[in-house]
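Dear colleague,

Please find below the structure that I promised to pass on to you. My notes on what was found in it follow directly after.

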Amino acid sequence: MDQRNNVGIVIVSHSAKVAEGAADMVRQMVGDRVPLAAVGGNADGGLGTDVGAIMGAIDRAWSEAGVAILVDLGGAETNSEMAVEMMPEARRERIVICNAPLVEGAVMAAAEASGGSPLDVVRATAEELMGG
Amino acid sequence: MQEVKAHALLTNEVGLHARPSVKLTQLAKRFAATVEVAIRADGPWTDAKSPVKIMRVKAAKGETLFMRANGSDAQAAVTALVDLVNRKFEEE
């Protein structure tokens, strides 16, 4: 199966280590059937998030089926929203930011995506973690 | 449409933990049939294509996983799931 047919997953954390660790868990538990990119830290290598780096991660994980972004805290979400705003218009509507915990959401979203589910289903699966 | 049922004993060390759960949902999603699992013969039944729900089943080693499927490829789906459990989710 061509992984580019499946929804891509982007992990955005304030910490590069958290982002990489979450991506490691996705790879080990779900495999390599989904495009995946992880980004963390600011431009100086400290804790934070960077709009340009997030845009790069969206590009790396890009799929025609769309991309689901998982974020950790405040700035990760607002900078991800800004990154989405700066993407080409044709892509914007195929990028969603999930309201879900970073690690669990990334694994669940990737598990859903690996079966070929569309973007809205991938997002719903990640966000299901927040409900009962 | 005939409902197909089967069951298999969880013999792998960790049971239906995170990674086996993901493998089970990935496999179930390959079939058009509705596929459900339960840890008792009379349910409650859980959608085998939902990674979040399957992970909440928390079936342990030594428990029996019951399966049922409905649809044109229900038999193939149940056979594949039983096979995955019997192969210990390819983990051991």
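What share of the 92 residues in chain B is buried? Buried residues account for 36% of them. Please bear in mind throughout that this is a predicted model.

**Confidence**

For the complex as a whole, the predictor reports an ipTM of 0.80 and a pTM of 0.89. The mean pLDDT of chain B is 95, and 99% of its residues score at least 70. Within chain B, the lowest confidence falls in helix α2 (residues 51-55), with a mean of 93. The highest is found in strand β2 (residues 34-38) of chain B, at 98.

**Chain B**

Chain B contains 3 helices and 4 strands. Read from the N terminus, its elements follow the order β-α-β-β-α-β-α. The radius of gyration of chain B is 12 Å, close to the 12 Å that the globule rule gives for 92 residues, so chain B is as compact as a globular protein of that length. Its C-alpha trace spans about 35 × 25 × 20 Å along the principal axes. Of the contacts in chain B between residues at least 6 apart in sequence, 73% join residues at least 24 apart.

**The sheet of chain A**

In chain A, 4 strands form an open sheet with parallel pairing, in the order β2-β1-β3-β4. Its edge strands are β2 (36-40) and β4 (95-97) of chain A, each of which pairs on one side only. On average, neighbouring strands of this sheet are turned by 20° against each other, direction ignored.

The individual pairings are as follows. Strand β1 (residues 8-13) of chain A pairs with β2(A) in the parallel sense over 5 bridges, and Val10(A) has Ala37(A) in β2(A) as its bridge partner. Helix α1(A) packs on the sheet, where it touches β1 and β2 of chain A. The direction of α1(A) makes about 160° with that of β2(A). On its other pairing, β1(A) joins β3(A), again in the parallel sense and over 5 bridges; here Ile11(A) stands opposite Leu70(A) in β3(A). Finally, β3(A) and β4(A) pair in the parallel sense over 3 bridges, with Ile95(A) in β4(A) as the bridge partner of Val67(A).

Why can β3(A) be described as largely enclosed by the rest of the structure? The reason is that 5 of the 5 residues of β3(A) are buried. Val67(A), Ile69(A) and Val71(A) point one way from the strand, while Ala68(A) and Leu70(A) point the other way, and all are buried.

**Two residues of chain A**

Ala65(A) lies in the loop between α2 (51-60) and β3 (67-71) of chain A. Is this residue buried or exposed? Ala65(A) is buried, because 20 other C-beta atoms lie within 10 Å, and the cut-off for a buried residue is 20 or more. Not counting residues up to four places away in sequence, Ala65(A) touches Asn5(A), Asn6(A), Val7(A), Pro118(A) and Leu119(A). The C-alpha atoms of Ala65(A) and Ala113(A) are separated by 9.6 Å, although the two residues are 48 apart along the chain.

Met25(A) is placed in helix α1 of chain A. With 18 C-beta neighbours inside 10 Å, Met25(A) counts as partly exposed. Leaving aside residues up to four places away in sequence, Met25(A) touches Val103(A) and Val107(A). Met25(A) and Cys98(A) are 73 residues apart in sequence, and their C-alpha atoms are 18 Å apart in space.

**The contact between the chains**

The contact takes 10 residues from chain A and 8 residues from chain B. On the side of chain A that touches chain B, α1 (16-30) and α5 (102-114) of chain A each supply at least two residues. The largest share of that side, 4 residues, comes from α5(A). By type, the residues of this side of chain A divide into 5 nonpolar, 3 polar and 2 charged.

With kind regards

Terms used:
Residues numbered from 1 in each chain as written. Chains lettered and ligands numbered in written order. Predicted model: local features only at pLDDT ≥ 70, side-chain atom pairs only at ≥ 80, totals over all residues. Contact = placed C-beta atoms within 7 Å. Nonpolar A, V, L, I, M, F, W, Y, C, P; charged D, E, K, R; others polar. Pairing = 2+ DSSP bridges. Axes fitted to C-alpha atoms, helices over the stretch in contact; angles between N-to-C directions. Rg over C-alpha atoms; globule rule 2.2 N^0.38 Å. Buried ≥ 20, exposed ≤ 12 C-beta atoms within 10 Å, placed from the backbone. pLDDT = per-residue confidence, 0-100.
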